[in-house]
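Welcome, and please take a moment to look over the structure below.

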Amino acid sequence: MIWLTVTPKISLVDEPLKIQVSGLPPSQLVNLQASLTDEKGLLFCSQALYWSDEAGEVDLERAAATGGDYVGVQPMGLFQCLKPEKLFHRLMKRDVMQSPFRVRLDLFDSYHPVFSSPRDQPAASQTVERWYVAPGVQWVQIRGSRVRGALFLPPGEGPFPGLIDMFGLVGGLTEFRASLLASRGFAALALAYFAYEDLPSFLDEVDLEYFEEAANILLEHPKVGGAGVGVVAICKGAEIALAMATFLPQITATVCINGTNAIHGTALRYRDLHISPIPYKFECVRFTPLGLLSFFSVMGDTRAEANQGSIIPVEKAQGQLLLVVGESDQNYNSKAYAEEVMERMRRHGRKNSTLLSYPGAGHLIEPPGSPFCPCSRNPFVVLPLMWGGEAQPHAAAQEHSWREIQKFLCHHLCPTGSSKP
């Protein structure tokens, strides 16, 4: 009898699983496959080839894959390498509260790259549930005078450290990171800022007072403790987050993932302050042989004298900054932008910023459990966008940065007497 064991069967998506096979003949080549269907009906799959050991077992914590979507010892490689059956789609959980991703794992005890057939029956199968929200987390719709979003509250009375979670130019409301952060003990506000409900359809201008209102909503909530709130953001959201850290006294801890150090494309306004953007250079756009669009060269030069008025004066930030960058980001020159932030802070004698830089990681550094996505479509761009990165170092960056982000937020946001994550 061949056994495929996966534990735990039900878990949060950022938790590792233990995958083992037993009951095989010694030195048997096997094919392990993972698959899931997302909420839009799109199929995502991965596979890897392994040899059983002398005991007829395969333990993914020790065994090295010899081929497939990855090679080497990667205990969570089947999940990290899930890729869409239809090209250029990104796996993103939409309904985080009501359902998990159900991932099926199949073991085939034979493999041939030419003669294998979809009609082949697996020797063993298991299905696991991967949730984006822990039991007891509450979802609260937020509708301030202008603010639109969803607040995720951990179970218990609190008070909890509060933070705002934002994504980039995909628009709408993305909740999966906020729900995970709430599952780890933070009161997390997933904040929309365009293309959602009655918000503007396009981001014509960044009005920082909108984001200040969101921070105040958090601070006034009875289950949020502390004198300030945090921000976690990526891409354009990280650009806005850096401005929030600079100009809003309510922000005490900021995580910028693959952002910039200047205002790009859309002007920023805050009360009497107006920062003109560095214009996008669409005439410099690049296309790959596969028809993908690289935005990398569209971003204007942040070191040019003419653009210095658009640089965010980050030395004014009173809170702590954590910059997370993928050195193989093909969307932004994130490493250069982060190094410019660090250089500017040193020049002004500031010591409240930290840089985590990951070789081989791309633009979409997300929580563990999010598959490596080197390119995907954006609702506001005609062609698929290049995000960059390599699967194995990108997955390692996601695991390490997720731990460091939580430690950073806890250290700088948890008030005395609060419920610490």
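## Charges over rings

The charged end of K93 lies over the ring of F101, at 5.3 Å from the ring's centre. A second case involves R177, whose charged end is placed over the ring of F167, 4.1 Å from its centre. For a charge to sit over a ring, NZ of Lys or CZ of Arg must be within 6 Å of the ring centre and within 35 degrees of the ring normal.

A word on the source: this is a predicted model, in which local features need pLDDT of at least 70, side-chain atom pairs count only at pLDDT 80 or more, and totals for chains, interfaces and linings use all residues. Residues are numbered from 1 along each chain as its sequence is written, and side-chain values use heavy atoms, with hydrogens and water left out.

## Aromatic pairs

How many aromatic pairs does a search of the whole structure find? There are 12. Rings of Phe, Tyr and Trp (its six-membered ring) pair if their centres lie within 6.5 Å; planes under 30 degrees apart count as stacked, over 60 as edge-to-face and the rest as tilted. Helices (H or I, at least four residues) and strands (E, at least two) are DSSP runs, numbered from the N terminus.

F101 is buried, with a relative accessible area of 5%, and Y132 is buried at 3%. Here buried means under 20% relative accessible area, exposed over 50%, and partly exposed in between (1.4 Å probe, protein chains only). The rings of F167 and F176 have centres 5.3 Å apart and planes at 50 degrees, so that pair is tilted. Both F167 and F176 are buried. Elsewhere, ring pairs join Y193, F194, F202, Y210, F211 and F380 into a cluster.

## Cavities and pockets

On a 1 Å grid over the protein atoms alone, a cavity is a set of points where a 1.4 Å probe fits but cannot get out, and a pocket is an open set with protein on both sides within 12 Å along at least five of seven lines; lining residues have an atom within 4 Å of a point. The whole structure holds 4 cavities of 30 Å³ or more, and the largest cavity contains about 80 Å³ of space. It is lined by 13 residues, with F167, G171, G172, L191 and Y193 nearest its centre. Strands β13 (160-166) and β14 (187-192) each supply at least two residues of that lining.

The largest pocket has about 540 Å³ of space. It is lined by 27 residues, and those closest to its centre are L169, F295, N378, F380 and V381. The second largest pocket has about 470 Å³. Its lining has 19 residues, of which K40, M92, R94, V170 and P379 lie nearest the centre.

Helix α4 (residues 236-247) has 12 residues, which at 1.5 Å a residue should span 16 Å; its end C-alpha atoms are 17 Å apart, which agrees. The expected span is 1.5 Å times one less than the number of residues. Is α4 enclosed or open? In α4, 12 of the 12 residues are buried, so this helix is largely enclosed by the rest of the structure.

Helix α6 (residues 391-413) has 23 residues and should span 33 Å, in agreement with the 32 Å between its end C-alpha atoms. Its buried residues include H394, W402, F408 and L413.

## Backbone details

Most residues other than glycine have a negative phi, and most peptide bonds are trans. A cis peptide bond joins T7 and P8, with omega about -5 degrees, and P8 is in the loop between β1 (3-7) and β2 (10-12). Another cis bond joins G158 and P159, with omega about 0 degrees.

A195, which is not a glycine, has a positive phi near 60 degrees; A195 is partly exposed, with a relative accessible area of 32%. N258 also has a positive phi, about 50 degrees, and is buried at 0% relative accessible area.

Key: Points joined across faces, edges and corners; volume = space filled by probe spheres on them.
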